[in-house]
Amino acid sequence: MITTLTQSQILGFSNVTVRIKNEARDSRPILEAIGLQLGHGETLGIVGGSGSGKSTLLRLAAGVLTPGLVLDQGEVTTVGKNLLVATPAERSNIYGSVVALVAQSIGESLTPHLTVLSHFRDTVSGEAVDERVLESLAEVGLGGEKYLHRYPHQLSGGERQRVLLALALVRSPQLLLLDEPTSALDVSIGSEVLTTIDRLQRSRGFALVCVSHDLGVVSQISKRIAVMNQGRIVELGQTSQVLRSPSHEYTKALVSSIPKLDQRIRESSSQSNERVLVCRGLQIVRGQTTRAIDSLDLEIKQGEVVGIIGESGSGKSSLLSAICGLVSVTGGSLHDGDGYDLSTALQMRPREVLSSIQMVFQNPDDSLNPMRTVAQSLSRYTHATNSEISSALLTVGLGEQFLTRRPREMSGGEKQRAAIARALLAEPRLLLLDEVTSALDVTVQAAVMKTLADLQRKLNIAMIIVSHDIALVASFVDRILVLRNGQLVEQGSVDDVIKSPRDSYTQNLINISARRAAI
Amino acid sequence: MKTLLRFNFLKNRVLIFSVLGFHAFVALLAPYLRLLSTDSQDSAALLQGPSLNHWLGTDSLGRDVFSRLLHGGRPSLVIAFAATAISCLIGIVIGSLAALAGGWIDEALSRVIDFMLALPTLILLLLISSFFGQDPLILSVALGLMYASPIARVARSATQTLLARDFIRVARLQGGSRISILFGEVLPNVWRVMFTEVAMQFTWILLAFSSLSFLGLGASPPTPEWGLMIAESRSYMTLNPLLVIAPIMMLASLVLAIQALVDHE
Amino acid sequence: MRRVVFSLATFIALAVVSFVGVDALPGDGCTALLGRFGTNAKIDACRQENNLNDSVVVRIKDWSGDLVRGDLGYSIKRDEQVSKIIIPRLRNTAVMAAVAALIAFPSAIVVGLLLGRYPRKRISKAINQFSVIAMTLPEFVIATVLWLVLSIWIPIFPGVSVMPSNASLLQLLPNVWLPALTLAVVIFAHSMRTMRASVTNVQNMPFVESARLRGTNERKMISRHIVPAALPPVVNVVALDGAWLLTGTFVTEAAFNFQGLGRLAIDAISDRDTALILPIILFGLAVYLVSSILADSLVRVFDPRLRSSNR
């Protein structure tokens with residue numbers, strides 16, 4: 001895939017291969033034979049799972065080669081120059097004025113001891129700095145002088161991302177590179193940030209490359225899409241075409257694994273009238289005064305699957321923690337199906353009550369003891385035999401070879417499956433799932449959700465699944481609850497909530513999700 | 001000089017392990033090697049240079065330097081091992097317990113740790129050694145107690161980080177008792193983090209005891225001990241520099257090898 | 001503010017513990033003065049004279065009252081006011097500490113910054129190795145090596161000092177160099193490595209790359225982004241090392257027979273002159289507590305997150 005370089009192009013990759021330093025030539029490269037062209041004012045989205053090489057590619061466009069990697073062959077031309085061989089002085093002239101990159105981890109991308117204004121002073125000088133900065137901030141939606149003298153820790157996640165955008169754009173670069181612009185933000189805030197980016201791109205006309213794991217994100221702000229898998233661009237084309245008729249297998253999997261509001265991956269199962277959880281007027285206070293959950297009523301029946309939607313700070317994780325006993329209840333009542341009072345401290349609960357409620361956590365890297373094999377982790381507290389463990393692993397789609405593996409030898413999806421198997425071994429009546437797929441790639445996420453659907457049907461256990469993704473929840477559960485600032489703002493069957501939401505917040509989430517799914 | 005600069009002796013595994021092996025060999029086997037006596041004084045041969053009889057010469061009392069050198073690491077090593085064991089045991093138990101218990105117990109134990117950290121270590125050791133005699137047992141216990149507080153502090157924060165991790169939460173949800181979580185999940189992981197800290201601690205204790213000996217309050221004469229040997233021979237440095245250079249090389253190679261091993265991990 | 005009150009409380013608690021601890025040691029001023037040959041009657045008479053037979057509580061009250069009034073006590077053994085003995089030696093130690101600090105701290109911060117910024121240069125690696133060696137070796141080894149090299153082989157400085165404790169500054173200076181150099185090597189290695197590690201750490205943080213990709217030039221990068229973020233851990237280490245220079249230099253002073261506070265402490269301990277030991281311990285505690293308060297308030301200057309919370 002050799003491309004010829006033309007004058008009108010702003011970014012060009014020709015046959016670029018990047019490898020890990022000192023690694024054998026027959027090993028799989030990080031980037032393999034990448035060919036790309038981007039003209040002035042064009043927009044390109046790059047989508048791929050973790051380890052696909054998409055971030056390496058984006059950084060390479062800015063002339064940064066991640067330490068430990070080498071450019072094996074090919075050439076990268078950014079605004080007519082090979083930035084990889086540029087001197088530091090040449091680079092600092094180009095960055096910000098011609099090319100700008102906004103890196104992924106927005107929490108740490110601003111210097112903690114400098115105010116917003118000081119950040120601008122690095123690169124903006126001369127007269128009327130303040131006016132220029134104010135104008136630039138207003139453009140990204142941060143009006144008012146109050147932001148000038150704030151420190152990063154005094155800004156919210158969305159505000160930080162906007163400040164970074166303003167910093168990148170203040171000197172009107174011709175090429176803007178974005179790495180996962182919304183992955184650390186709540187859905188609604190991320191959507192607003194994307195709208196801002198789109199508006200700025202249209203009005204200013206800079207070229208844009210945006211990298212994300214989320215097909216919905218890149219399709220919203222780019223006319224063309226490149227799909228990456230294992231270091232290769234497997235598909236490249238107009239956004240609408242790639243989405244409508246994907247040609248490569250990976251792209252097909254990617255498109256089909258996006259949760260859709262109107263597509264179910266699990267059919268409702270038989271529910272008995274037996275209840276597994278009853279809570280009335282539940283109140284949870286965390287810290288000194290913060291009400292994580294305020295007067296919540298909730299009832300869950302045997303075999304029922306309930307989804308809870310909420311953003312960070314909505315109290316959804318506090319609720320799960322309280323149900324399983326990790327956080328104490330401050331008001332109201334919380335009982336299990338047999339009437340046992342679940343506001344009892346964890347240590348005081350009898351063993352049957354403990355095992356009847358199990359939880360799977362968000363971060364797969366954290367959920368298994370790094371020093372133990374899967375078999376050891378799964379048997380230590382459940383006292384399960386090896387054959388029981390094997391069958392539990394089989395239920396979640398893991399073969400016998402995983403018995404002796406340690407967490408560092410497993411992928412995120414595999415670790416999460418093992419964590420689910422461990423929860424199952426306790427034979428729970430209620431399984432709590434806290435954002436269990438949010439750390440996984442979309443295709444893996446779909447597979448794990450399918451596994452969960454299968455085992456729910458087989459074992460008929462009640463589940464509460466918490467997520468920020470309304471489409472994911474809607475495709476899986478029987479009933480949806482929407483939490484906001486510790487309050488229940490919406491509750492009902494999937495159809496009711498999705499088709500006719502009563503709360504404007506829910507409506508907003510559905511709109512965002514629909515816009516993404518409608519691609 | 002250039003090749004010397006390029007040779008990174010602190011990163012050479014073979015070198016590190018052969019130095020450590022040499023020291024282990026010497027410290028364990030010195031009494032069983034057919035060496036000259038460390039104490040017999042030869043008044044006819046004071047402050048001599050190297051010879052066939054005395055490979056590294058003799059000191060101001062006519063004692064064989066080579067033999068004293070090979071024996072000279074044993075007192076500090078024994079005390080360092082004993083004191084490190086004591087400080088680890090106390091430090092890790094107290095630190096993890098404080099983090100695991102939380103609440104007022106944590107608060108109280110943390111105050112005790114801070115309090116211990118503020119104590120002037122060396123002057124206390126000097127006092128203890130001066131007033132209670134230079135008894136290796138007392139010194140090991142004193143060193144172990146004093147050096148327990150930094151271990152406890154690191155163990156406490158390591159445990160706290162661990163307790164926030166999901167696999168500990170799961171263990172609690174599945175009915176693991178505090179004790180079984182402490183020994184099954186916390187301590188093995190804490191120990192892994194603590195290894196570096198403990199190895200450094202060992203070096204500090206070794207050097208603290210050597211320094212005490214140098215001040216005349218650690219090993220008591222005529223015990224051969226490197227710090228003491230350096231102190232005793234400093235006045236004769238002009239006559240026979242080997243008297244101080246040899247024990248310095250021994251001590252330096254030992255602590256540097258341990259340090260290099262720690263950095264390597 | 002809460003911090004200061006808390007430190008004061010710690011100090012008082014430690015002072016009482018030290019008094020009781022030192023008091024519990026076998027022997028007191030009278031046995032120290034009269035030695036092994038003092039008869040029981042003589043020792044008793046001496047104790048009567050110096051109020052040593054009072055209960056611990058009474059003596060703590062007397063002693064702390066004196067302390068508040070600035071009276072450090074009286075050494076029976078040396079037959080002198082404690083303050084008269086301590087102050088000239090404190091001056092000597094302070095001069096030595098100041099020389100060592102001036103040599104070591106500024107150079108450590110600059111060298112640490114350069115080493116962190118340019119770690120691949122061969123000279124950086126060499127300095128790094130030297131610093132590992134200097135940090136690992138005990139003071140008495142460094143002292144002995146410096147003495148051997150700079151006094152015996154290349155006679156630049158006098159070796160063992162022979163000055164009286166109350167020597168004039170001019171007499172003092174030549175004797176200060178070798179001990180100060182020894183201490184400087186130790187604290188240079190320590191603070192330089194902290195600075196280097198901190199700079200390396202800060203450089204790997206996303207905000208540094210983010211600033212670079214905005215086109216921030218090298219000069220602003222170092223002065224505005226890297227150094228202020230790298231200094232807090234160094235400030236803590238400098239404060240601790242500074243406290244150590246004033247109160248922990250027993251070995252170095254003994255090695256050069258330098259008439260400072262550390263040397264005095266060792267003498268007092270081997271004489272069992274408890275009246276002298278106690279104020280030295282308390283001085284050490286006070287310096288340690290004050291320096292950690294200073295370090296904490298200085299760190300706040302660099303970190304707005306600390307400034308805004310728990311004031």
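Chain C and chain A bury about 2100 Å² between them, with 55% of it on carbon and sulfur atoms. Buried area here is the accessible area, with a 1.4 Å probe, that two parts lose on being put together, summed over both. Three residues of chain C stand out: C:Leu213, C:Arg214 and C:Arg224 supply 35% of the area that chain C buries against chain A, more than any other three residues.

Before I go on, the ground rules. This is a predicted model, where local features need pLDDT of at least 70 and side-chain atom pairs count only at pLDDT 80 or more, while totals for chains, interfaces and linings use all residues. Residues are numbered from 1 along each chain as its sequence is written, chains are lettered from A and ligands numbered from 1 in the order in which they are written, and side-chain values use heavy atoms, leaving out hydrogens and water.

Back to chains C and A. Contact means heavy atoms within 4.5 Å. By that rule, 20 residues of chain C touch 27 residues of chain A. How many salt bridges are there between chain C and chain A? The count is three. A salt bridge is a side-chain nitrogen of Lys or Arg within 4 Å of a carboxyl oxygen of Asp or Glu. C:Glu209 forms one with A:Arg59, and their closest N and O atoms are 2.6 Å apart.

Now chain C against chain B. Here 40 residues of chain C are in contact with 42 residues of chain B. The buried area is about 3800 Å², and carbon and sulfur atoms give 81% of it. The salt bridge count between chain C and chain B is zero.

Next, inside chain C. Helices are DSSP runs of H or I, at least four residues, numbered from the N terminus. Helix H9 (residues 206-213) and helix H10 (residues 218-247) of chain C pack at about 175°, with axes 11 Å apart. That makes H9(C) roughly antiparallel to H10(C), a label for angles over 145 degrees. Axes are lines fitted to C-alpha atoms over the stretch in contact, and angles run from 0 to 180 degrees between N-to-C directions. H9(C) contributes C:Phe207, C:Val208, C:Ala211 and C:Arg212 to the contact, and H10(C) contributes C:Met221, C:His225, C:Ile226 and C:Ala229.

Last, chain A. An automatic or database assignment sets the domain bounds. Domain 1 is 40-60 + 93-256, and domain 2 is 303-328 + 351-517. Their centres, taken over C-alpha atoms, are 31 Å apart. The two domains of chain A bury about 1100 Å² between them. Across that interface, the rule finds zero salt bridges.

Note on methods:
Helices (H or I, at least four residues) and strands (E, at least two) are DSSP runs, numbered from the N terminus. Angles under 35 degrees count as roughly parallel, over 145 as roughly antiparallel, 65 to 115 as roughly perpendicular and the rest as oblique.
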